[in-house]
Amino acid sequence: MLGPILLTILLVLLNIPMYVYQMESGLAVSAFILVYFIIVTVNYHKNKPIFLNELVNFATQYGTVQKKLLNEFDIAYALIDYTGKILWINERFAELTGKSKDYHKSITSVFSSITREIIQKNKMESQLHITWGEHEFRARLKRLEFSSITPDNQMISVEGSEEYLTALYLYDETQLNRYIRENDDQKMVAALVYIDNFEEAMNSIEDVKQSLLIALIDRKVNKYFSGMDGLVRKVEKDKYFVVFRNMYLPKMEEDRFSILEEVKTVKVGNEMAVTLSIGIGNTGDTYNQNYEYARMAIGLALGRGGDQVVIKEGEQITYYGGSSKQVDKNTRVKARVKAHALREIIESRSHVIVMGHHIADVDSFGAAIGVYCAGRVLDKKVQIVLNEVTTSLRPIKECFSVENGYMSDMFIKSEDAVELTNNNTLVMVVDTNRPSYTDCPEILKKTKSIVVFDHHRQNSDVVENPILSYIEPYASSTCEMIAEILQYFTENIRLATCEADAIYAGILIDTNNFMQKTGVRTFEAAAYLRRCGAEVTRVRKMLRNDMSDYKARAEVMRHAEVYHGAFAISVCPADVVESPTVVCAQSANELLNIIGIKASFVLTEYQNKIFISSRSIDEINVQLIMERLGGGGHANIAGAQLPNCSVEEAKRKIRQILDEMIEKGEIEK
């Protein structure tokens, strides 16, 4: 509207030259300009209120339309101030919550999960899922800053203001979530069911009853999974492939896979109870991936000793069962096969590096010595990674000195191992199957030639892709496994007396003087080592403790706390002994000699970690308890390491786990 008035200035400037050339024309144009100016000025003052009024009317109508649309919006909407107070709600929000539009209390009084802290978080937008009655909502909170709402307002200043509004949108996802759940329930789950001790059970009964035993086992397995609308197919004499819908998996988990106990009741004269291992694969993108998960799970179940269920859902692994004692297999076929495979692998490599777990014990050291002897027969250089020598290990390690004919670089540190390892190096891990527990995890990434020999039950954290893996949870010790391997490795193998002593000492320590986890093969391995020159008296002298260790064990016994009348919990002082972890394990063994104690837990603080040694005789599976703390081991011998934790906090965690397992019936007081 100001344009025509401003044009008058240009007309006046054009009129000035006309007075120079012709006065009459200049006067005529000036008169025209004057009339034009009067007309546009009158028109401006007359029409300006009309235009302003129209703009105000349009803005008012536009705001009314917006408010009406927002008020009738199908999505529940509310406007909240920075303290959480409801300022305004639309009709859908009022209908959904049953609140009137005059309701101006805190949003927390309507939805308890939307707290003031969530509203005042330093986020422009956030989402959370809430439930209201039978409805499930996705709540979206969007912050509206005053500075963004009125950026050019001259009447008020919002600079430095911490106040803001929050827009709350509620998206009803009840039906969508129901469809998602139904779709998930219909997904197929793959499972593999193996009979752990099929051959042993068959050999324990008469031939005429073997078919009956097989039929009863088949009936138990089919009945259990058929009740879950599952499809069971027997693929081998002791293996089943099962497919069922995902909706039945929570039911199986709730009854903790009762088939494990039901199949043990099958008796037709067999002395040995039949046990199952089940591997379940779920949440894969394809059915093939679920089957691969099931294969990984069954391998993990067998590696942990069988009689349990392992569920693999992506990276998440869940365990059920596994409380029974592992079956001691009398056949040595597997040991012979592994011995021949190990020989071929060592012959094809130029260099062998052996390492056990961090803070090596006698079993780890003895197993490494056994591998050293195997490599020596094949004229291969074998070096042992040993970063720390404990008091219990020092007398045995001193036997392998240069004066006794051993190489000066027989034992190396982690730094040297990293430099020596290449693609042609064989790295052999003994007495552990967890890479994080080894003395030098770095060298596992520098070579693809990795062999694992261990007697601990497997966990989800395992050495990846070894070319040879020999893990037998029923074995008493890794030294027992190595002694068997040496018997089949080659005919002309000879052990020095100190080498036989070291391997024998490993068996002696891990069996607590042949009182725990001993079977026929344990004594056969000890007899072989005795023939090789192992001397019981000499080993006993090497394993004696000094006075400070003995006093520390006495302190552990004196301050032991008995929890629930059956669990001994105590702390080993770390500042008075050189190797507190060793004393910790010894003390845990001694606590079991007290009448009424079913399991013992001894803690010690060492190298900024809390080390826990747990022991039991037969009633309690301490390995399941230690697994919940990130550790593992055997049913009767297990342990864990807790970083960034205090002794009192570790004791509290143990008590809490015991309470939970007692409440669920997993263990009995």
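Which hand does the crossing of helix 20 and helix 21 have, left or right? The crossing is right-handed, where right-handed means that the near helix is turned clockwise from the far one by less than a right angle, and left-handed means anticlockwise. This is a predicted model, in which local features need pLDDT of at least 70, side-chain atom pairs count only at pLDDT 80 or more, and totals for chains, interfaces and linings use all residues. Residues are numbered from 1 along each chain as its sequence is written, and side-chain values use heavy atoms, with hydrogens and water left out.

Stay with that pair. Helix 20 covers residues 547–558 and helix 21 covers residues 580–591. Helices are DSSP runs (H or I, at least four residues), numbered from the N terminus. Their axes lie 9 Å apart, at an angle of about 50 degrees. Helix 20 is therefore oblique to helix 21 (under 35 degrees is roughly parallel, over 145 roughly antiparallel, 65 to 115 roughly perpendicular, the rest oblique). Axes are lines fitted to C-alpha atoms over the stretch in contact, and angles run from 0 to 180 degrees between N-to-C directions. From helix 20, Asp549, Ala552, Arg553, Val556 and Met557 make the contact with Val583, Gln586, Ser587, Glu590 and Leu591 of helix 21; contact means heavy atoms within 4.5 Å. By class there are 5 nonpolar, 2 polar and 3 charged residues.

Now turn to helix 16, residues 478–489. Helix 16 packs against helix 18 (residues 520–531) at about 60 degrees, with the axes 9 Å apart. These two are therefore oblique as well, and their crossing is left-handed. Glu480, Ala483, Glu484, Leu486 and Gln487 of helix 16 meet a set in helix 18 that includes Arg521, Tyr528 and Arg531. The contact divides into 5 nonpolar, 2 polar and 4 charged residues.

Helix 16 also meets helix 17, residues 497–510. Here the axes come within 8 Å and cross at roughly 140 degrees, so this pair is oblique. Cys479, Glu480, Ala483 and Leu486 of helix 16 touch Ala502, Ile503, Gly506 and Ile507 of helix 17. That contact has 6 nonpolar, 1 polar and 1 charged residues.

Aromatic rings come next. The count is 16 aromatic pairs, a pair being Phe, Tyr or Trp rings (six-membered for Trp) with centres within 6.5 Å. Phe365, Tyr372, Phe400, Tyr406 and Phe411 form one aromatic cluster.

Two rings carry a charge over the face. Arg138 lies over Tyr171, 4.5 Å from the ring centre. The charged end of Lys312 sits over Tyr293, 5.3 Å from its centre. The rule asks for NZ of Lys or CZ of Arg within 6 Å of the ring centre and within 35 degrees of the ring normal.

Terms used. Ala, Val, Leu, Ile, Met, Phe, Trp, Tyr, Cys and Pro count as nonpolar, Asp, Glu, Lys and Arg as charged, and the others, Gly among them, as polar. Rings of Phe, Tyr and Trp (its six-membered ring) pair if their centres lie within 6.5 Å; planes under 30 degrees apart count as stacked, over 60 as edge-to-face and the rest as tilted.
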